[in-house]
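Dear colleague,

I am handing over the structure below, together with an account of what was found in it. Please read the notes with the model open beside them.

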Amino acid sequence: MAERERNRAAAPSPRRDTLLYLDGVTKSFDGFKAIDNLSLVLQRGEMRAIIGPNGAGKTTMMDIITGKTRPDAGEVYFAGETDLTRHDEAAIASMGIGRKFQKPTVFESHTVEDNLRLALAGSRSVFGALFHRRTSDERRRRDDILTATRLTHRRNARAADLSHGQKQWLEIAMLLAQDPQLLLIDEPVAGMTDAETEETARLLGEIAETRSVVVVEHDMHFVRALGVKVTCLHEGAVLAEGPLDAVSADPRVVEVYLGR
Ligand SMILES: Nc1ncnc2c1ncn2[C@@H]1O[C@H](COP(=O)(O)OP(=O)(O)OP(=O)(O)O)[C@@H](O)[C@H]1O
């Protein structure tokens with residue numbers, strides 16, 4: 001082992017076993033601190049819900065993790081060792097960080113299955129590279145993803161004919177095609193029916209059995225159904241963090257967010 005490697009292995013590092021590690025992250029736009037000394041740690045296999053008022057910095061935080069925005073200061077590490085501030089968006093996506101924006105961006109005139117086929121073909125995952133030509137494996141992978149996202153019975157439907165909720169699930173399916181280790185999901189249940197919202201909580205819970213998930217959401221019924229640790233952001237920093245009951249009982253959270 002090279003000396004440098006040995007030193008690194010010996011050095012106790014709080015971030016070594018984490019999947020995502022943000023510490024002291026700051027980002028200003030024209031002198032305004034959108035992110036202000038933000039620290040957030042996600043363990044491998046964890047799902048985390050992020051809440052907070054408009055302008056709290058949730059989107060900017062996701063932009064920093066995915067390489068869309070460079071922080072002015074602070075550490076952003078993936079899987080313990082990879083400094084995300086040194087990589088661009090494409091590199092970060094191919095490392096296994098997938099992002100779903102709020103608005104669905106599926107190909108409306110294509111079927112559900114063709115959308116997924118395109119996503120799998122465009123995927124740079126190891127799986128895709130290894131099994132690209134093996135049709136039976138590809139087919140099985142599509143079947144698995146369609147099952148996971150409750151779309152098996154809609155596989156031949158045009159995306160345009162899906163319900164709003166099903167379009168969101170198709171987006172999640174296309175994200176899964178990239179085989180990400182970490183999924184960042186922005187307001188998945190906005191505009192969904194109550195039944196779709198409940199199903200989305202179950203669906204994400206299942207995904208989080210094998211991957212880590214960060215989900216930004218304002219719908220507190222949904223956040224409760226997720227049953228995971230919650231981080232409330234405010235003015236670019238963590239205001240409160242913990243189980244939903246504790247966070248939602250925090251007077252500061254009530255004042256800036258829930259009480260409104
Ligand atoms: N490119 C930019 N230029 C200037 N200001 C920006 C930029 N991006 C974000 N901001 C500002 O930074 C702050 C944080 O915005 P951000 O979108 O991250 O908040 P948010 O928590 O995602 O809000 P919402 O819940 O409304 O989506 C806001 O005051 C916003 O106006």
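In what order do the strands of the open sheet of 6 strands stand, and with what pairing? The order is 6-7-8-3-9-10, and the pairing is mixed. Two strands are taken to pair if DSSP finds at least two bridges between them, and the element numbers follow DSSP runs counted from the N terminus, with helices being H or I runs of at least four residues and strands being E runs of at least two.

Before the details, two remarks on the source are needed. This is a predicted model, in which local features need pLDDT of at least 70 and side-chain atom pairs count only at pLDDT 80 or more, while totals for chains, interfaces and linings use all residues. Residues are numbered from 1 along each chain as its sequence is written.

Strand 3 is mostly covered, with 5 of its 5 residues buried; a residue counts as buried if 20 or more other C-beta atoms lie within 10 Å of its own, as exposed if 12 or fewer do, and as partly exposed in between, with C-beta atoms placed from the backbone. In a regular strand the side chains alternate between the two faces of the sheet. In strand 3, M47, A49 and I51 point one way and R48 and I50 the other, and all are buried.

The other open sheet has 4 strands in the order 2-1-4-5, with antiparallel pairing. Its edge strands are strand 2 (32-43) and strand 5, each of which pairs on one side only. Strand 1 (residues 18-29) and strand 2 pair in the antiparallel sense over 8 bridges, and T18 stands opposite Q43 in strand 2. Helix 2 packs on this sheet, touching strand 1, strand 2 and strand 4, and its direction makes about 65 degrees with that of strand 2; residues are in contact if their C-beta atoms, placed from the backbone, lie within 7 Å.

A79 lies in the loop between strand 4 (73-78) and strand 5 (82-83), and because it has 19 C-beta neighbours inside 10 Å, A79 counts as partly exposed.

Is helix 2 enclosed or open? Of its 8 residues, 7 are buried, so helix 2 is largely enclosed by the rest of the structure. The buried residues are K58, T60, M61, M62, D63, I64 and I65. Helix 2 is followed by G67, whose phi is positive, near 85 degrees.

Helix 2 also gives the largest share of the shell around the ligand, 3 residues. That ligand is surrounded by F29, A34, G52, N54, G55, A56, G57, K58, T59 and T60, where a residue is near a molecule if its C-beta atom, placed from the backbone, lies within 6 Å of it.

Finally, the chain is divided into domain 1 (10-95 + 212-260) and domain 2 (97-179), with bounds that come from an automatic or database domain assignment. Their C-alpha centres lie 27 Å apart, and the contact takes 8 residues from domain 1 and 4 residues from domain 2. On the side of domain 1 that touches domain 2, the elements giving two or more residues are helix 2 (58-65) and helix 3 (89-95), and helix 3 gives the most, with 4 residues.

With best regards

Notes. Contact = placed C-beta atoms within 7 Å. Axes fitted to C-alpha atoms, helices over the stretch in contact; angles between N-to-C directions.
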